[in-house]
Amino acid sequence: MGQGTNDSISCERCRAVCCRLQVLLIGDSAVPPSMEAQSEWGGAVMRREADGWCTALDRRSMRCTIYAQRPQVCRDYEMGGSECVEERRLADEATQ
């Protein structure tokens, strides 16, 4: 893990809250075209289903179906990092 990460957080024990965030595709040519969309401002993003989940997420396993080809933004999103911790906190607040 990187500096400033929470070592008690693991993707193994997560509800994949990061898979509800908008993912910008900047130079990510490995993403299958069927999983791409245009944002309201015209940029390329990962397509999300009507309920907000990323189209690449397998709902049964809560795992990315294109993990080896995932966008750079997803690669850079650090497990247990400050963004991860904040998204988990917001998701917990929303369910209370």
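A44 counts as partly exposed, because its relative accessibility is 25%. Here buried means under 20% relative accessible area, exposed means over 50%, and partly exposed lies in between (1.4 Å probe, protein chains only). A44 sits in strand β2, residues 44-46. Strands are DSSP runs of E with at least two residues, helices are runs of H or I with at least four, and both are numbered from the N terminus. A44 and G27 are 17 residues apart in sequence. In space, their C-alpha atoms are 9.6 Å apart.

A word on the model itself. It is predicted, so local features need pLDDT of at least 70 and side-chain atom pairs count only at pLDDT 80 or more, while totals for chains, interfaces and linings use all residues. Residues are numbered from 1 along each chain as its sequence is written, and side-chain values use heavy atoms, with hydrogens and water left out.

Now follow helix α2, residues 82-95. It has 14 residues and reaches 20 Å from its first C-alpha to its last. That is close to the expected 20 Å, a span defined as 1.5 Å times one less than the number of residues. The buried residues of α2 are C84, R88 and A91. They lie on the same side of α2, because they cover an arc of only 65 degrees around the axis. The arc is taken from the directions that run from the helix axis to the C-beta atoms. C84 counts as buried because its relative accessibility is 9%. The face turned away from the buried side carries the exposed residues S82, E83 and A94.

Next come the cysteines. A disulfide is a covalent bond between the sulfur atoms of two cysteines. Here the test is a pair of cysteine sulfur atoms within 2.5 Å. By this rule there are 0 disulfides. Take C74: its closest cysteine sulfur, in C54, is 6.5 Å from its own, too far for a bond. C74 is partly exposed, at 31% relative accessibility.

Last, the largest pocket. A pocket is an open set of points on a 1 Å grid over the protein atoms alone, with protein on both sides within 12 Å along at least five of seven lines; lining residues have an atom within 4 Å of a point. The largest pocket has a volume of about 760 Å³, meaning the space filled by probe spheres set on the points. It is lined by 30 residues, and C11, C18, C19, C64 and Y67 lie nearest its centre. The largest share of the lining, 3 residues, comes from α1.

Terms used:
On a 1 Å grid over the protein atoms alone, a cavity is a set of points where a 1.4 Å probe fits but cannot get out, and a pocket is an open set with protein on both sides within 12 Å along at least five of seven lines; lining residues have an atom within 4 Å of a point.
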